[in-house]
Amino acid sequence: MKEGLDYQDAFAPVPHTTIGQMLMSMAAADNLHLHSVDLTQAFIQAERIPEGPNGRIFITPPPGCAEDEEGVVYEVLRPLYGVPSSERMLHLTVAKWMKEQGFQTVGFEDSVWSRQSGGSYGARITVSAHIDDLLIACADKAALELFKRDLLMRFDGTDEGEVEQYLGCKVIFDREGGKVTLRQKVYAERVLRAYCMWGCTPVKTQLEPGTRLSKADLQQRVDPELQRRYRGMVGHISFLVSCTRPDLAFAYAELSKFVAYPGVKHMRAAERTLQYLMGTYNKGLTYCRLDLRHRNVLEGWVDSDFASDPDTLEGEEAGMCHSQLQQGRVRGSVAVCCRGGIPASLVGGSGTETGRSDSCVGG
C-alpha cells in the first residue's frame with residue numbers, strides 16, 4: 001500500500017477507541033442494550049474487487065491445487081485475507097447496506113452509523129464496526145433483535161449477545177446498579193509478566209515523587225536491548241492509557257519523550273510505572289446511570305510552578321479534583337497537568353475505579 005498509488009483503494013476506517021467508550025457511557029446513562037456481532041469469514045462476503053490503479057489482481061495456485069499447465073495463475077474476484085484492499089471492500093459493503101437500511105454516519109466517523117427512532121425498527125440504533133466486529137446499541141431489545149436478524153440475513157456471522165469483550169477490554173454490566181465497567185486486567189497482567197514485573201512490590205504513584213526526567217540523562221551510546229525494552233514498555237502503557245487507564249497518562253507523557261535514546265534513569269522510571277500497574281492492574285473505567293451522577297460532589301484545587309521543565313524551562317499548571325459521595329466516602333481522584341494552558345494529561349486514581357468524563361465515577 002503506497003500513498004498516492006493505491007492508498008485510497010486499501011484504506012479502511014475503524015472507530016476511535018473513544019467511540020467504544022462513548023457507547024459504554026450511553027449504555028450506562030440511558031440503560032441501553034449493547035450487543036456484539038462477529039462476521040464470519042467477513043472478507044469473502046464483501047463485494048467484488050474493482051480494478052484499481054494497479055489493475056487486476058492475480059495469485060499463484062494455492063498448495064494442493066491441481067494446475068492445468070505451467071505458469072497458471074488465478075484472478076482474484078472476491079476479497080481474500082492478505083489482499084490489501086479486502087478491508088476497504090468489506091467496509092464499503094457494510095456501509096452500503098447500512099445506508100439502505102436508513103442509517104447515517106455519525107460525524108467524522110465513517111465506521112459508526114446511527115438510525116433515528118421510528119420506521120421498521122421503531123427505536124434509535126447505533127452501530128460501530130471495527131472491521132468485522134460490530135457493536136450495536138439500542139434501548140428497545142425487540143428492535144435490537146429485529147435489526148440483528150436483518151443483519152445476519154445479509155451477512156454470515158455470529159450473534160454474541162450482550163457484549164463481554166471489546167477490543168481486548170472486559171465489559172462488565174451491572175444493570176441493577178446502573179453501571180458499566182471496562183477493564184484490561186488480563187492485558188495488564190500479560191504486560192507485567194512479559195517484563196518480569198509480575199509479583200513486584202506495588203507502589204502508590206506512577207513516578208517517584210519529585211522525578212524530573214531530562215535529556216541530560218540520555219546515554220551517549222544507545223544500548224539496543226535497553227532501547228527495545230523501554231520502547232515496548234512505553235507502547236504497552238500507551239495502549240492502556242487510550243482504553244481504560246487515564247491515570248497512567250501523565251507517566252506516559254513523560255516517558256514517551258525519551259523513546260529515541262532512553263537512559264538508565266528513564267528505564268527505572270518506566271519500571272516504577274509498572275510497579276504502580278502491579279498494584280492497580282484490576283482497575284478500570286466505570287460509567288454510571290444519569291440519576292446516579294448527582295450523588296458525586298467534585299472538589300478541585302489548582303497550583304502552578306515556573307520553569308520546572310529542565311529541557312524547555314516551561315512551567316506547569318496542575319489541578320487536582322476528587323469525587324466524594326454525599327455520605328462522605330472518597331471514591332476516586334483525577335489530576336490534570338497543563339503546559340501553556342492546554343490540558344496535557346490525566347493522572348491519579350485513588351478510588352477503586354478510575355473515573356473519566358462526567359458519566360464516570362470511581363466504584
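## Overview

Helices here are DSSP runs (H or I) of at least four residues and strands are DSSP runs (E) of at least two, numbered from the N terminus. With that in hand, welcome to the structure, which is a predicted model.

The protein chain has 9 helices and 16 strands. Of its 363 residues, 44% are buried.

Strand β1 (residues 33-39) runs antiparallel to β8, and 4 bridges join the two. To find this pairing in the model, look for histidine 35, which stands opposite glutamate 162 in β8.

## Helices on the sheet

## Aromatic pairs

Let us turn to the rings. The whole structure holds 7 aromatic pairs. In one of them, the ring centres of tryptophan 97 and phenylalanine 147 are 5.9 Å apart and the planes are at 50 degrees, so this pair is tilted. Because tryptophan 97 belongs to helix α3 and phenylalanine 147 to helix α4 (residues 141-154), the pair ties together parts that are 50 residues apart in sequence. Tryptophan 97 and phenylalanine 147 are buried. Ring pairs also link Trp97, Phe103, Tyr121, Phe147 and Phe155 into a cluster.

Tryptophan 198 and tyrosine 281 form an edge-to-face pair, at 5.1 Å centre to centre and with 75 degrees between the planes. Tryptophan 198 sits in the loop between α5 (185-194) and α6, and tyrosine 281 in the loop between α8 and β12 (284-288), so parts that are 83 residues apart in sequence are tied together. Tryptophan 198 has a relative accessible area of 30%, so this residue is partly exposed.

## Where α6 meets α8

Helix α6 (residues 224-243) and helix α8 (residues 264-280) have axes that come within 10 Å and cross at roughly 40 degrees. The crossing of α6 with α8 is left-handed.

On the α6 side, the meeting residues are Leu226, Arg229, Tyr230, Met233, Ile237 and Leu240. They meet Val264, His266, Met267, Ala270, Glu271, Thr273, Leu274 and Leu277 in α8. By type, the residues of this contact divide into 10 nonpolar, 2 polar and 2 charged.

## Two loop residues with positive phi

Glutamine 41 is not a glycine, yet its phi is positive, at about 45 degrees. This residue is placed in the loop between β1 and β2 (58-59). With a relative accessible area of 46%, glutamine 41 is partly exposed.

Cysteine 196 also has a positive phi, near 55 degrees, in a residue other than glycine. You will find cysteine 196 in the loop between α5 and α6. Its relative accessibility is 70%, so cysteine 196 counts as exposed.

How values were computed: Residues are numbered from 1 along each chain as its sequence is written. This is a predicted model: local features need pLDDT of at least 70, side-chain atom pairs count only at pLDDT 80 or more; totals for chains, interfaces and linings use all residues. Side-chain values use heavy atoms; hydrogens and water are left out. Axes are lines fitted to C-alpha atoms, for helices over the stretch in contact, and angles run from 0 to 180 degrees between N-to-C directions. A crossing is left-handed if the near helix is turned anticlockwise from the far one by less than a right angle, and right-handed if clockwise. Contact means heavy atoms within 4.5 Å. Ala, Val, Leu, Ile, Met, Phe, Trp, Tyr, Cys and Pro count as nonpolar, Asp, Glu, Lys and Arg as charged, and the others, Gly among them, as polar. Two strands pair if DSSP finds at least two bridges between them. Rings of Phe, Tyr and Trp (its six-membered ring) pair if their centres lie within 6.5 Å; planes under 30 degrees apart count as stacked, over 60 as edge-to-face and the rest as tilted. Buried means under 20% relative accessible area, exposed over 50%, partly exposed in between (1.4 Å probe, protein chains only).
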